[in-house]
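Dear colleague,

Please find the structure we discussed handed over below. I would be grateful if you could read the notes that accompany it.

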Amino acid sequence: MLTDPSLLLDRTLIGDRWIFAHEQASFTVTNPATGKPLGQVPDLDAGIAHQAIDAAAEAQTAWAALTAAARAQILHRWCELLRANAEDLAIILTAESGKPLAEARGEIAYGAAYIQWFAEEARRVYGETIAAPQPNQRLLVLKQPIGVTTAITPWNFPNAMIARKVAAALAAGCAMVVKPAEETPLSALAMALLAERAGLPAGLFSILTSTQAEAIGQAFCSHPRVRKLSFTGSTAVGRQLLRQGAERVLNLSMELGGNAPFIVFDDADLEAAVEGAMRSKYRHNGQTCVCANRLYVQDGIYDAFAERLAAQVAQLRPGNGFDEGVTLGPLISDRALAKVEAQLEDARNQGARVLSGGQRHALGGTFFEPTVLTEVTAAMRIAHEETFGPIAPLFRFHDEAEVIAQANDTEYGLAAYFYARDLSRVWRVAEALEYGMVGINTGLISTEVAPFGGIKQSGLGREGGRQGIEEYLETKYLCMGI
Ligand code: NAD
């Protein structure tokens, strides 16, 4: 057990040394449900980022030289420790992110599943031989670790977003320096502590707690030893990092924002579609990159769907994630609350109708009532921007071609969902949606065994699946004369 979670609140692991908050500048981590401080963590600068990268470079060569089986063994041990400490990790996660404890437990299981998956994948890195064009030649392709890597992660999945990057990097034989979101550094610190206990050699996985995101991003892009940056966060910051990385032609993976359409056709199973919409829309209070952002419902089923969805939404219980029966936490910040309110006001001003919710919750703070809007149109802001909050806007549509055009009318291309039973339609729509991931008759698609990622301005690269480890491997071609 992590006998006392508060042990983790004041220090971070850089290379082989723990740096304490009281030794230098620090910042406060706050519980978004109560507004109360949870503790202090070190506020590290670009200079320390350089030290962490140097330590990673020193450790990585020996790590890459180990057998894949030896690396896998340490990853398996780390995964077991995550599972053994799941309850403490979930408590830390709920405290700093506000998500209900049941969801936090789910995220820890999800994060651990990525570590297990990549421990297994470490042993399945294959090269190839190529039929040579000359009799006195032999041609081979090797896969080798990319080297020292870095990651910047968001607050909405403080465990899983790190797990699926670090586990893939370590499995491939790379080292990684991670800057977690400033809102949720504690889950990252707990993961690093458990990795150390699992026997992971020092320097391979450092955590840079910091409020100086831009300076750290610059250090990650400019340090000559860094070979890769994997970023999960907003498209705006992703774009900035791509520009910075261009200077050194840095290998970049990007998991960016989404604007997921959720389409319900007339022939859908209505109950299943409502259930899928609830899961997709309201998990983590609508603060997930794959959550349904625009719900398109066909004419014939629109009113029935709206009524049933509103009835389900009325059952949701906002509150402190530690309280029994709570299903919805707070929004992460005042900024997030302001964005939700602004989109709602714009929609109302342009004729949208509030079927349920529609205002700040009586709990105060950053709590907002789960909301269902009807008669929403493409002219409204909510049709084009990522909401990241508990609003379900229902758009009415008439035919398939029209809804496909609307669903694809966005610069994003992360996740899309649709409910339909006609088999020909299922294939047509699945192929026509311009998205990296499509959920068909389901509102939950994420799993460690499948490639997660977006197209268009939602990202570059994939995490999980057999594709995930490829992001951390270089391809080397050998041409041998014999
Ligand atoms: P954000 O881009 O503001 O922050 C993400 C991370 O980037 C944080 O660690 C932050 O400190 C850091 N950061 C901020 N400015 C930076 C800069 N100039 N240089 C370097 N780093 C910087 O995003 P957010 O609001 O915290 O997170 C929500 C966003 O993340 C949403 O858009 C969501 O869709 C996206 N997201 C995407 C995925 C995915 O897999 N595609 C998963 C989760 C979240």
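The notes below cover the ligand shell, a sheet and a pair of helices.

Please bear in mind that this is a predicted model.

Ligand shell. There are 28 residues around the ligand, and Gly217, Gly233, Glu255, Gly257 and Cys289 come nearest. Helix 7 (213–222) and helix 8 (235–246) are the elements that give two or more residues to this shell. By class, the shell comprises 12 nonpolar, 11 polar and 5 charged residues. Domain 1 (5–256 + 458–481) and domain 2 (261–440) both contribute to the shell, so the ligand lies between them.

An open sheet of 7 strands has the order 14-15-16-13-12-17-18, with mixed pairing. Strand 14 (353–356) and strand 18 (437–440) each have a single partner strand, so one side of each is left without a neighbour in the sheet. From one strand to the next, the twist averages 25°. Strand 12 (residues 260–264) and strand 13 (residues 292–298) run parallel and are joined by 5 bridges; Phe262 has Leu295 in strand 13 as its bridge partner. Helix 11 (residues 334–349) packs on the sheet, where it touches strand 14, strand 15 (371–376) and strand 16 (391–397). The direction of helix 11 makes about 30° with that of strand 16.

Helix pair. Helix 4 (residues 101–121) packs against helix 5 (residues 160–172) at an angle of about 10°, and their axes are 8 Å apart. The two helices are therefore roughly parallel to each other. Residues making the contact include Tyr110, Tyr114 and Phe118 of helix 4 and Ala163, Arg164 and Ala167 of helix 5. The contact has 10 nonpolar, 1 polar and 3 charged residues.

With kind regards

Definitions and conventions. Residues are numbered from 1 along each chain as its sequence is written. This is a predicted model: local features need pLDDT of at least 70, side-chain atom pairs count only at pLDDT 80 or more; totals for chains, interfaces and linings use all residues. Axes are lines fitted to C-alpha atoms, for helices over the stretch in contact, and angles run from 0 to 180 degrees between N-to-C directions. Helices (H or I, at least four residues) and strands (E, at least two) are DSSP runs, numbered from the N terminus. Angles under 35 degrees count as roughly parallel, over 145 as roughly antiparallel, 65 to 115 as roughly perpendicular and the rest as oblique. Two residues are in contact if their C-beta atoms, placed from the backbone, lie within 7 Å. Ala, Val, Leu, Ile, Met, Phe, Trp, Tyr, Cys and Pro count as nonpolar, Asp, Glu, Lys and Arg as charged, and the others, Gly among them, as polar. A residue is near a molecule or strand if its C-beta atom, placed from the backbone, lies within 6 Å of it. Domain bounds come from an automatic or database domain assignment. Two strands pair if DSSP finds at least two bridges between them.
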